[in-house]
Amino acid sequence: MTREEITTGLAAILEEVAGVAPADVAEEKSFTEDLDVDSLSMVEVVVAAEEKFGVKIPDDEVQNLKTVGDAVSFIEKAA
Amino acid sequence: MTKPDVVVTGLGATTPLGGDVASTWDAMLAGRSGVGLLTQEWAAELPVRIAAQLVVDPSEVLDRVRLRRLDRSEAIALIAAQQAWADAGLAGAGLDVERLAVSLGSGIGGLLTLLAQDDILETSGPRRVSPHTVPMLMPNGPAAHVGLELGAQAGVHAVASACATGAEAIALGLDIIRSGRADVVIAGGTEAVVHPLPLAGFAAMRAMSTRNDDPERASRPWDKARDGFVLGEGSGVVVLERADHAAARGARVYARLAGAGLTSDGYDIVQPHPEGAGAARAIARALADAGVAAGDVVHVNAHATSTPVGDMGEIKALRAALGTHPVLTATKSMTGHLLGAAGALESIATILAIHNGVIPPTINLDDPEDDLDIDVAAHKARHMEVPAALNNSFGFGGHNVALLFTRV
């Protein structure tokens, strides 16, 4: 799966869970600062991403996923 | 110390009769029933297959992402509170939020969330349980969400006294303003538990009407053929305000909340006292608190849920505490029983009866009980001056709340 495909998949999750416009989702965007995803919604994003991409994202890894790009890199490696 | 006057400056509601106060009130005056058959698949096997459901679903008002984090009872409380806030002219008015409080409760709480998330837990496991579960099911959730929306910082309170909740929340709001802690209190109740579990539970108590073949005639307070209450869902919210604060900003005033009386039966967990003793004492306390004579109360919006025992116990209480002169109505005949929201919605009906000089009807009162010796506005709305009126609410647990409203 390409980085672009993962980003598109995350954008769909972010729209569903937090109402983020897909056009706003880009690798350099911070979940909390730029996309306004709060901590509870981030939990939902993580669980949905695990399901969608068939990966396991441990809780202590989530704090390192500051930007969309961080999440894409983690999923790319873990998938 | 003299008690400051407290007035009502805003109203909001979403009910089985309408998505706002105006449409609800119009439907009440027209004597329309909000009760219908439950067409959901899960209802087919239930002994009770009727309820009074919302006319306007919250999804028509709030956006999808917001609703993901709100129990239905929270969503409708928020909708009613937003309406009341705007109706009071407080939107964008720059109110000092350190002087703004919330007092709003629910009889049962976030039951729909609890049951839905339990289903997810059972079928998909703990990791799939929503992180929003706890704030959605906690009983203070509706009050907290309203407080958050409006930025209230003088305290957020969630009263719980079953079917007296909405009225008790308004009584607490009165106390808060009188104590000097806030100038404005957003007060009311909310309930959204149309689900097989509470329907089965209430039906198991033999408390509900099983008139499944004629839903619009199922809620019939004081009628000889009544066979129990009909479950309703909805929310009602009022804006309470210190009178001089309202006057200073030139607010429109609907009525004065002149007094409140609260008692507990100390008798039974669910049965009302057969003589209505606790209810009579609550009414007497409301009169004393308001400094209004029993003879001056011309209208009562009764609790009257359409149960065989409760309806006539209340009549005994009214007779003892007020006499037989007031004109009664039971708006539950149209709205069904909104449990924790009932006292709030019926306070709104009482306030509008005062403000508009018209008492909404009690429908389905075709064959009144022989002991019903108090005049009821049966079938049709009654146009008359209403200088002072009472709203009664009682709840499982033996809670009795009487609110006394007067014309300004």
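## A annotated serine

UniProt positions are given here in the numbering of this model, with feature names shortened, and such annotations may be inferred rather than shown by experiment. The one to look at, from an unreviewed UniProt entry, is "modified residue: O-(pantetheine 4'-phosphoryl)serine", and it covers A:Ser39. That serine sits in helix 2 of chain A; helices here are DSSP runs (H or I, at least four residues), numbered from the N terminus. Is A:Ser39 buried or exposed? A:Ser39 counts as exposed because it has 10 C-beta neighbours inside 10 Å. The scale goes like this: buried is 20 or more other C-beta atoms within 10 Å of a residue's own, exposed is 12 or fewer, partly exposed is in between, and C-beta atoms are placed from the backbone.

## Before you read on

This is a predicted model, where local features need pLDDT of at least 70, side-chain atom pairs count only at pLDDT 80 or more, and totals for chains, interfaces and linings use all residues. Residues are numbered from 1 along each chain as its sequence is written, while chains are lettered from A and ligands numbered from 1 in the order in which they are written.

## Helix 2 of chain A

Helix 2 of chain A covers residues 39-53, and its 15 residues reach 21 Å from first C-alpha to last, close to the expected 21 Å (1.5 Å times one less than the number of residues). Its buried residues are A:Ser41, A:Glu44, A:Val45, A:Val46, A:Ala49 and A:Phe53. Their cover includes helix 1 (3-18), helix 3 (59-62) and helix 4 (68-78) of chain A.

Most residues other than glycine have a negative phi. A:Asp36 isn't a glycine, yet its phi is positive, about 60°. You'll find A:Asp36 in the loop between helix 1 and helix 2 of chain A, and it is partly exposed, with 13 other C-beta atoms within 10 Å.

In chain B, B:Leu339 also has a positive phi, near 45°. B:Leu339 lies in the loop between helix 12 (332-335) and helix 13 (342-356) of chain B, and it counts as buried because it has 30 C-beta neighbours inside 10 Å.

## Where the chains touch

Seven residues of chain B are in contact with six of chain A, contact meaning C-beta atoms, placed from the backbone, within 7 Å.

Definitions and conventions:
Two residues are in contact if their C-beta atoms, placed from the backbone, lie within 7 Å. Helices (H or I, at least four residues) and strands (E, at least two) are DSSP runs, numbered from the N terminus.
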